[in-house]
Amino acid sequence: MTKKLVSSLILASGALFAGAASASLVLNTGVAADGSVLSAGSIDPLWTISTDGVQFSAARVAYPGSYPNMAGGQTCCGMETVAGVAAWITTPSVVATSPTTGWGVNNMVYARRSFDLSGYDLSTVTLNGRLRVADSSHGIYINGSLVPGTGYAGYTFTTDHFFSLAAGSGLFQSGANLIEMRGDSVNDVWDAFWLDAQVTGRASSVPEPTTLVLLLAGLALCGVRSAGRCGE
């Protein structure tokens with residue numbers, strides 16, 4: 001068997017096995033397309049927000065606030081303890097000098113973004129992450145279905161709330177998918193969403209083991225019968 005044929009065998013097997021590798025999509029709030037965390041006041045390019053569930057606008061990264069003088073922006077009172085891998089997002093009308101957000105009182109507010117699972121084997125797709133909502137969370141939804149265990153009661157802004165969705169959940173679909181956070185405010189100040197989450201799965205084009213065996217066997221047979229030609 002020639003060196004060129006050996007190289008072909010290695011490349012072929014490597015390409016086939018590469019298809020089995022897992023890939024992850026980061027769904028964090030307040031980050032740019034490259035995953036870098038945005039500065040306060042920036043417009044989030046991926047997440048949108050709505051106070052009525054109908055009209056959605058690009059979300060804004062919340063400004064740092066202060067308590068009790070209410071002189072600053074929309075984060076305070078333990079919200080600042082989140083990990084630096086994501087940023088709080090809120091309604092785009094907020095300003096650096098006021099904690100008011102326009103969420104209303106006890107009104108459902110929605111934050112959402114899309115992500116693409118084209119080419120993924122949906123039976124392998126999982127979701128893992130942690131969230132906070134100021135003031136209260138009403139859950140994480142995938143394509144309109146509540147992720148089990150995320151319908152928290154009470155305030156959710158001082159502590160991370162972890163969640164996961166195992167493979168084979170049936171909530172994901174091929175192509176475009178939608179993740180949504182829901183929450184409300186008790187006072188229309190210091191309101192925002194924070195999410196650190198990843199969707200992970202394998203490519204759907206992974207060949208069956210028999211396909212790999214037949215391919216490698218064919219290449220090897222070619223080398224045995226005519227090593228002088230097949231490897232050139």
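Leaving aside neighbours within four places in sequence, which residues is Leu 195 in contact with? The list runs to Leu 27, Asn 28, Thr 29, Trp 47, Ala 86, Arg 130, Leu 131, Ile 140, Phe 163, Ile 179 and Met 181. Keep in mind that this is a predicted model. Mean pLDDT for the protein chain comes out at 86, with 79% of its residues at 70 or more.

**The nonpolar cores**

- The largest nonpolar core has 29 residues, and Leu 195 is among the members that touch the most others, along with Leu 127, Ile 142, Phe 172, Met 181 and Phe 193.
- Strand E6 is the top contributor here, giving five residues.
- Apart from that core sits another one, made of twelve residues, including Met 79, Ala 134, Phe 157 and Trp 190.
- As a bit of background, nonpolar side chains in soluble globular proteins tend to be buried together.

**Ser 136 in strand E6**

- Strand E6 covers residues 126-142, and Ser 136 is found in it.
- Is Ser 136 buried or exposed? Its relative accessible area is 10%, under the 20% cut-off, so Ser 136 counts as buried.
- Not counting residues up to four places away in sequence, Ser 136 touches Gly 154, Tyr 155 and Thr 156, and also Arg 182, Gly 183 and Asp 184.

**The disulfide**

- There's one disulfide in the structure, and it joins Cys 76 to Cys 77, with an S to S distance of 2.3 Å.
- The link of Cys 76 and Cys 77 is left-handed, with -70° about the S-S bond.
- How accessible are its two ends?
- Cys 77 has 36% relative accessibility, which lies between the 20% and 50% cut-offs, so Cys 77 counts as partly exposed.

Terms used:
Residues are numbered from 1 along each chain as its sequence is written. This is a predicted model: local features need pLDDT of at least 70, side-chain atom pairs count only at pLDDT 80 or more; totals for chains, interfaces and linings use all residues. Side-chain values use heavy atoms; hydrogens and water are left out. Helices (H or I, at least four residues) and strands (E, at least two) are DSSP runs, numbered from the N terminus. Buried means under 20% relative accessible area, exposed over 50%, partly exposed in between (1.4 Å probe, protein chains only). Contact means heavy atoms within 4.5 Å. A nonpolar core is a set of buried Ala, Val, Leu, Ile, Met, Phe, Trp, Tyr and Cys residues joined through side-chain atoms within 4.5 Å. pLDDT is the predictor's confidence in each residue, from 0 to 100. A disulfide is a pair of cysteine sulfur atoms within 2.5 Å.
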